[in-house]
Amino acid sequence: PAAYTNGAPLLHAQERLWFVEQLQAARTGANVPLALRLRGALDVAALQSALRALVAAHDALRSVYHMQDGAPVQTLHAHEVRLEGLSLATLDSTAAARALGAALERHAGAPLDVATGPLWRFALIELSRAEHVLALTFHHLVCDGWSVGLMLRDLALAYGAAAGGEPGAGLLPPRPSLHGIAALERS
């Protein structure tokens with residue numbers, strides 16, 4: 001909706017998180033890191049397409065947060081969806097395990113700027129040709145315990161569609177905007 005593009009009020013829980021974020025700028029306590037071990041053949045192009053579809057379907061993943069007319073608001077902002085890559089396939093198992101732990105810690109530990117976004121980060125770590133770790137880090141403003149399950153389900157659906165050759169534009173239906181949820185919460 002146009003109102004969301006121009007700035008929508010935050011949900012009460014988002015207001016609290018946004019306020020804490022302002023007090024603790026550049027901290028990573030609000031990061032929600034996930035690491036998924038993927039076994040078997042992986043179509044990296046399909047995974048990239050699925051991540052783009054995930055971000056396109058969820059308004060929250062395209063949101064940034066800032067002050068407008070004296071109040072915090074959320075607006076939609078387009079972000080390039082990048083999948084960072086790292087290969088540990090040439091390392092022995094001990095060195096690979098250490099390097100994986102360090103890479104996941106760096107990935108999860110870097111701050112996400114709520115004013116400029118994106119409020120997520122994606123990386124694919126290759127352990128071997130048939131084993132990868134997909135690292136996903138979200139800011140808590142755009143991801144919580146309930147939405148993690150929905151986003152992972154949508155990512156799996158979009159990956160299956162992309163790997164099956166379906167065009168990227170229609171991989172996932174749009175999800176309800178936070179603006180609509182905020183309006184319901186406040187009524």
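Okay, so let's start with the layout: this chain has six helices and seven strands. Keep in mind that what you're looking at is a predicted model. If you walk along the sequence, the order goes α-β-α-β-α-β-β-β-α-β-β-α-α.

Now, the overall numbers. The chain runs to 187 residues, and 42% of them are buried.

As a bit of background, most peptide bonds are trans, and most residues other than glycine have a negative phi.

So, where do we find a cis peptide bond? Go to the step from Gly117 to Pro118: that bond is cis, and its omega is near -5°. To find Pro118 on your screen, look in the loop that links α4, residues 93–109, to β6, residues 120–128.

The other spot is Asp69. This one isn't a glycine, yet its phi is positive, about 55°. You'll see Asp69 in the loop between β3, which covers 63–68, and β4, which covers 71–76. Is Asp69 buried or exposed? Exposed: its relative accessibility is 79%, and the cut-off for calling a residue exposed is over 50%, so Asp69 makes it.

To recap those two: a cis bond going into Pro118, and a positive phi at Asp69. Have a look at both in the viewer, and I'll take questions.

How values were computed
Residues are numbered from 1 along each chain as its sequence is written. This is a predicted model: local features need pLDDT of at least 70, side-chain atom pairs count only at pLDDT 80 or more; totals for chains, interfaces and linings use all residues. Side-chain values use heavy atoms; hydrogens and water are left out. Helices (H or I, at least four residues) and strands (E, at least two) are DSSP runs, numbered from the N terminus. Buried means under 20% relative accessible area, exposed over 50%, partly exposed in between (1.4 Å probe, protein chains only).
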